[in-house]
Amino acid sequence: MSVLHPQLVAAEQGQGAIPIRFVGPDAALDGVARRWADHHGFAGKPGQLLVVPGPDGGVDHVLVGAGPVFDPLSARGLSARLPGGLYRLDAAPEPAGRAALAFLLGTYVFDRYKARPDKAPVRLVAPEGLDLAETSRIAAACALAREMVDTPAADLGPLQIETIAREIAESAGAALTVTTGDALLEENYPAVHAVGRAAAPHRAPRLIEIGWKLDRADLPLVALVGKGVVFDTGGLDLKPAAGMRNMKKDMGGAAHALALGRLIMQADLPVRLVVIVAAVENAVSGDAFRPGDILSTRRGLTVEVGNTDAEGRLVLADALTRAGEHQPDLTLDFATLTGAARIALGPELPPLYTDDDALAEGLLEAGRAVGDPLWRMPLWPGYRSALEAEIADLRNDPAGWAQAGSVTAALFLQRFAPETGVWAHMDIFAWNPRARPGWPEGGEAQAIRACYHHLRTRFG
Ligand code: BES
Ligand code: MN
Ligand code: ZN
């Protein structure tokens with residue numbers, strides 16, 4: 001199962017590759033390069049890139065500004081900016097593997113609906129000692145999550161998420177269970193059903209579950225849970241136009257859980273794995289759930305719906321309860337859960353919630369190590385009362401006085417999180433709103449590499 005990335009070339013096939021030199025402000029350049037650099041105002045600043053010609057007019061090497069401290073992630077911009085050709089990292093700055101992975105992350109293009117102008121591929125010779133298969137599958141996981149997020153809701157409904165999950169399960173020899181439509185009521189997923197039932201019949205809600213190596217009781221059990229709202233209109237408490245515009249991305253959590261799950265299985269990590277995705281469309285119809293409705297949940301708690309736009313926590317309530325039935329040692333959930341997460345930390349720093357200090361430190365440290373940052377936020381018990389309802393166990397729209405929308409959403413999930421093991425929740429944005437070379441506007445993978453690195457460290 002080692003499909004190599006098409007833009008990554010094994011070291012043996014690297015003859016004639018053009019060297020890429022990362023240079024800081026004080027780099028000593030030799031004669032021609034020095035004059036060429038001065039002529040172009042190249043000063044080794046981050047973001048600067050200069051192709052240096054040889055005597056024959058061909059490309060001799062490429063200078064890339066590294067600034068005083070080299071950030072391997074900056075290699076994400078290379079593929080978009082370099083002319084087509086075969087390149088290698090010259091005197092690869094440590095850790096070279098991270099720059100190579102960043103390069104691959106930068107090759108992602110969403111071209112399903114628009115042909116890109118013909119450009120010969122930019123390919124990279126793997127630096128010495130690189131695990132090509134591992135680097136390729138990590139890049140592929142991030143690309144899968146981004147592609148799912150980028151795909152419009154019309155072409156990525158609950159059924160399409162099921163199809164992707166089925167492909168992932170089949171190629172890993174894992175079991176797949178899907179509970180759809182009215183069967184959600186029979187199988188006791190009432191909140192998933194309530195949120196998703198307004199959608200057209202061919203876009204019926206479903207609970208998708210992958211189980212891998214579950215008979216290996218000697219291995220730790222990891223559960224991944226994802227919010228798969230294929231489009232979030234807000235339901236009857238309809239979102240305003242600007243807020244609805246990007247809501248094709250509201251299945252980002254499901255995309256992340258499936259992509260990370262596939263990565264774990266391809267890498268054959270020594271764990272048992274359960275991936276649970278609630279795939280629904282938060283649509284509007286005569287049968288839509290309503291403000292004031294009181295939903296039951298798989299856990300047995302009743303929830304008064306104050307706002308149908310707080311739908312993610314409702315479907316995750318049932319999904320997390322289901323995860324708990326497997327008695328996991330570790331549960332990670334991913335969800336584009338609140339706009340408040342972006343208000344708090346912006347689009348590039350996902351809030352991390354967990355009660356377990358060791359898990360928090362492990363995930364944060366992993367995020368720092370691989371350049372996939374998370375920031376810990378508090379499951380502040382003082383705000384629990386914001387979720388109290390008069391006539392139900394909980395309400396889904398926190399009382400306005402609490403303000404901390406991402407925190408109260410996490411506190412809601414905590415009521416449904418597995419009682420065994422440790423649990424962490426990531427309120428991801430899954431979107432890059434500012435286009436830069438290597439970071440196109442659109443779907444973004446967040447916390448996949450951090451979580452994977454942590455799982456490897458913890459269990460690998
Ligand atoms: N999917 C949204 C959250 C969201 C909005 C994520 C924009 C990223 C960008 C979620 O379902 C939602 O609408 N949350 C509401 C909750 C509120 C009604 C309590 C929110 O954040 O405003
Ligand atoms: Mn919503
Ligand atoms: Zn949503």
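These entries record what I looked up in a predicted model of one protein.

**Overall form.** I began with the secondary structure and found 14 helices and 19 strands in the protein. I then compared the radius of gyration with the globule rule: the value is 23 Å, close to the 23 Å that the rule gives for 460 residues, so the protein is as compact as a globular protein of that length. Along the principal axes, I noted that the C-alpha atoms fill a box of roughly 80 × 45 × 45 Å.

I looked up the share of buried residues, which is 58% of the 460 residues. Among contacts with a separation of 6 or more, I found that 76% are between residues 24 or more positions apart.

For the charged side chains I noted 44 positive and 55 negative, with the centres of the two sets 5 Å apart.

I followed an open sheet of eight strands with mixed pairing and wrote down the order as 7-8-10-9-13-17-14-15. At its edges I found strand 7 (175-180) and strand 15 (375-376), each of which pairs on one side only.

**Strands 9 and 10.** Within this sheet, I examined strand 9 (residues 221-232) and strand 10 (residues 272-282), which run parallel and are joined by eleven bridges. I also looked up phenylalanine 231, and its bridge partner in strand 10 is glutamate 281.

Conventions. Residues are numbered from 1 along each chain as its sequence is written. Chains are lettered from A and ligands numbered from 1 in the order in which they are written. This is a predicted model: local features need pLDDT of at least 70, side-chain atom pairs count only at pLDDT 80 or more; totals for chains, interfaces and linings use all residues. Side-chain values use heavy atoms; hydrogens and water are left out. Helices (H or I, at least four residues) and strands (E, at least two) are DSSP runs, numbered from the N terminus. The radius of gyration is taken over C-alpha atoms; the globule rule is 2.2 Å times the number of residues to the power 0.38. Buried means under 20% relative accessible area, exposed over 50%, partly exposed in between (1.4 Å probe, protein chains only). Contact means heavy atoms within 4.5 Å. Lys and Arg count as positive and Asp and Glu as negative; His and the chain ends are not counted. The place of a charge is taken as NZ of Lys, CZ of Arg, CG of Asp or CD of Glu. Two strands pair if DSSP finds at least two bridges between them.
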